[in-house]
Amino acid sequence: MDQTPLGPPDLLADIAPDLTRQSYASRPAMEGVVLGETPVFRSPDGLFPETMRLREGGDVDGLGGFRPVQWNWRLLEPGAVKGWHLHFAQEDLWIVPPDASLLVGLVDLRKSSPTAGHVQRLTLGAGRCHRLLIPRGVGHGVANLTSRPQAMLYAVNRFFTPDPDRTDEWRLPWDRFGADFWSMGRG
């Protein structure tokens, strides 16, 4: 058997226009977004992830001044897409536990940000405990692509209010960045 490597010119001509090289390079971090992972301690009776520690004064350790004032829990049914959300005054800290698996979308909508327009997809949970700090001005959403309900916990640094004149809950259409954004990738 010939062991000479092949290259793109060795393939059928109609394949060449569609051929791309897969990139595994890290993408630049989105300005102000902090993604972290906390250790998951495993034992015969289950799992224990330490999700966070608060410093004196109430700031979250390792997140430079983020001080949560309200905690929320969300359950996403199979196939649910919650996006796009945006805040002008509030930051979110999402915690996705190791027994969940969620597709998270981020888009930097801040004109003055060095990463303005940057779009990112992240798979969080999936055996790990992830923390994701989302700064104000970064559009965000989440999808459950699994066949069972998925839960997440999140903290905010501003109290939620349903008052329509005071709420910091803004929305963009779920498909604003393409309906396929929230689909399982193929290929």
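Start with Glu37 and Arg128, which form a salt bridge whose closest N and O atoms are 3.4 Å apart. What you're looking at is a predicted model. This pair ties together distant parts of the chain, because Glu37 sits in strand 1 while Arg128 belongs to the loop between strand 8 and strand 9, 91 residues apart. Glu37 is partly exposed, at 47% relative accessible area, and Arg128 is partly exposed at 47% as well. As a general point, side chains of opposite charge can pair when their charged atoms come close.

A search of the whole structure turns up eight salt bridges. One of the others joins Glu50 to Arg53, with the closest N and O atoms 2.4 Å apart. Here Glu50 is partly exposed, with a relative accessible area of 29%, whereas Arg53 counts as exposed because its value of 55% is over the 50% cut-off. Then there's Glu169, whose side chain meets that of Arg171 in a salt bridge at 3.3 Å, N to O. Glu169 is partly exposed at 24%, and Arg171 is partly exposed at 49%.

Now step back to the chain as a whole. The protein chain has zero helices and twelve strands, so if you follow the elements from the N terminus on, you read β-β-β-β-β-β-β-β-β-β-β-β. Along its principal axes, the C-alpha trace spans about 70 × 50 × 30 Å. Of the 187 residues, 36% count as buried. Among the contacts with a separation of 6 or more, 79% come from residues 24 or more positions apart. The chain exposes about 12100 Å², and carbon and sulfur atoms supply 54% of that.

How are some of these strands put together? Look for an open sheet of five strands, in the order 8-7-10-5-12, with antiparallel pairing. Strand 8 and strand 12 (170-171) stand at the edges with a single partner strand each, so one side of each is left without a neighbour in the sheet. Moving through the sheet, strand 7 and strand 8 run antiparallel and are joined by seven bridges, with Leu103 standing opposite Thr123 in strand 8. Strand 7 is also joined to strand 10, by six bridges and again antiparallel; there, Val107 has Gly139 as its bridge partner. On to strand 5, which runs antiparallel to strand 10 with three bridges between them. In that pairing, His85 stands opposite His140 in strand 10.

Strand 10 deserves a longer look. How many of its residues are buried? Six of six, so this strand is mostly covered. Val138, His140 and Val142 point one way, Gly139, Gly141 and Ala143 point the other way, and all are buried.

What about the nonpolar interior? The largest nonpolar core has 18 residues, and Trp94, Val104, Leu106, Leu132 and Met152 touch the most other members. The elements that give two or more residues to this core are strand 6 (92-96), strand 7 (101-108), strand 8 (119-125), strand 9 (129-134), strand 10 (138-143) and strand 11 (150-156). Apart from it lies another core, of ten residues, including Val40, Leu93, Ile95 and Ala155. In soluble globular proteins, nonpolar side chains tend to be buried together.

Leaving aside neighbours within four places in sequence, Leu106 is in contact with residues including Met30, Val33, Trp84, Leu122, Leu132, Ile134 and Val138. Trp84, one of those contacts, lies in strand 5 (residues 81-86), and a cis peptide bond joins Gly83 to Trp84, with omega about -5 degrees.

Finally, head to the surface. Which residues form a nonpolar patch there? Leu11, Leu12, Ile15 and Leu19 do, with about 360 Å² of accessible area together. Leu11 is found in the segment before strand 1 (34-38), and at 39% relative accessibility Leu11 counts as partly exposed.

Methods. Residues are numbered from 1 along each chain as its sequence is written. This is a predicted model: local features need pLDDT of at least 70, side-chain atom pairs count only at pLDDT 80 or more; totals for chains, interfaces and linings use all residues. Side-chain values use heavy atoms; hydrogens and water are left out. A nonpolar core is a set of buried Ala, Val, Leu, Ile, Met, Phe, Trp, Tyr and Cys residues joined through side-chain atoms within 4.5 Å. Buried means under 20% relative accessible area, exposed over 50%, partly exposed in between (1.4 Å probe, protein chains only). Helices (H or I, at least four residues) and strands (E, at least two) are DSSP runs, numbered from the N terminus. Contact means heavy atoms within 4.5 Å. Patches are made of residues with over 30% relative accessible area and no salt bridge: like charges are joined within 9 Å, nonpolar side chains (Val, Leu, Ile, Met, Phe, Trp, Tyr) within 5 Å. Accessible areas come from the Shrake-Rupley method with a 1.4 Å probe; for residues, only the protein chains shown count as cover. A salt bridge is a side-chain nitrogen of Lys or Arg within 4 Å of a carboxyl oxygen of Asp or Glu. Two strands pair if DSSP finds at least two bridges between them.
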